[in-house]
Amino acid sequence: TNRHIQLIAIGGAIGTGLFMGSGKTIATAGPSILLVYLIIGSALFLFMRAMGELLLSDQSYGTFADIVRDFLGPTMGFVVGWTYWLCWVVTGIADVVAITGYVHFWWPDLPSWIPVVATALLLFALNAMTVKAFGETEFWFAMIKIVAIAALIVVGVIMVAIGMQDNAGTTAAVSNLWVHGGIFPTGFMGFLGGFQIAIFAFVGIELVGTTVAETANPEKTLPKAINSIPVRVVIFYICALAVIMMVTPWNQIDKSQSPFVTMFSMTGLGMAASLVNLVVLTSAASSANSGIYSTSRMLFSLSIQGDAAPFFGRLSKRHIPQNALFLSCVFLLSGAVLLAFGILSVFTVVTATSATLFMVVWILVVISYLVYVRKYPERHKATIFPLPGGVFSAWFFILFIAAMVVVLSLETESLQGLLMSAAWMVIITVVGVVRRHRALDRRGRASLSA
């Protein structure tokens, strides 16, 4: 329903990185991180508008993989479907590993496999009921994040208004945004470094594009969800981080700790750490829940198109792709293996690869938009939800992603992620081409024998 879609869109735009990674982004870029989030948010809004126009141009599209298949061919549909599936499987495993760490905050002696198995079983049960159960779960997960950020902004504004001082004698003030080295205190390279971290915080923003087939009245619901993205970026990223840096100057923020915990601790609230831990736990659970939903629908779509085993194209009595859902939950259990063998150092690079592959999915959707405008100009003119700026905006987004690739290549860990992403794209494209040729050969032999 509209209520679910609005909160799913918000949950997709607010990643765990905001709560736990914002200290690192602030330390890297200083106050210029606000401009970083504004630029990324603006570019991704154009992407979402392009995807929205495409989804509403033909009601037969179930996910954006169907769009890519229609405009870029079955091979690229195969590539984007399996790439997106991999993105969310890896992200889901990372979320489960993170959830285990958050649970250990309260119960440090609990065996690591217990939170992993419990999370996988819970998410399977919730998603296997009805699609409404998924929407309801995601609604409340997102609501927790919204309340936490709203509380931080209100508390921060009050601290600035009364001129509260911290233990170091620093007074909370708006001027803290520029008096400690200016807006760009770490220079241009620091500003670029902010993009390397911040771009990953927006992973999942495209999630609405996998729900359209199960959305009530998508013509009204989808535009409303997409058009509110700029407001969300301003409130949940820019306002929250601006308030944090007003209360505590950017150069005094500990990048190893969540600034949310630090600010709530300054209020004298003894439960601050536990409250923020609960928020980030639900944020990670929200991401894993979204991943399970996305991978099951994408695998179902791939099966219907003949790009995955027919087994995954079957629906349960509740009209849920339960076999695809089961496989996705089984993959979550590999988080227990990673924790048992301590392979987290390699896993950091793998998650960076997953985040980079999300950008590949985004850019393929936008390239599909360019083909759509050229192929169906009359449909483009008649659209009820046009991309502002049309083709110009689409090319702007493509150039933005190209710039992000250059920026990501400047740092060792993200460069490794880029190289692994390139390797995956080569492998999956070759597999797609081979499958396509075999399918054509089979059809050719069948027609000859007929």
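Modeller: P31 sits in the loop between α3 (22–29) and α4 (33–57), where helices are DSSP runs of H or I with at least four residues, numbered from the N terminus. This is a predicted model, in which local features need pLDDT of at least 70 and side-chain atom pairs count only at pLDDT 80 or more, while totals for chains, interfaces and linings use all residues. Residues are numbered from 1 along each chain as its sequence is written, and side-chain values use heavy atoms, with hydrogens and water left out.

Biologist: Why is P31 called buried?

Modeller: The relative accessible area of P31 is 4%, and buried means under 20%, exposed over 50% and partly exposed in between, with a 1.4 Å probe and protein chains only, so P31 counts as buried. Leaving aside neighbours within four places in sequence, P31 is in contact (heavy atoms within 4.5 Å) with residues including L177, I183 and W250.

Biologist: What makes the pair H380 and E53 a polar contact?

Modeller: Their side chains are joined at 2.7 Å, and a polar contact is a pair of N or O atoms within 3.5 Å, where within protein one must be able to donate a hydrogen and the other to accept it, and residues adjacent in sequence count only if both atoms are side-chain atoms. H380 lies in helix α17 (residues 377–381).

Terms used:
Helix = DSSP H or I, 4+ residues; strand = E, 2+ residues; numbered from the N terminus.
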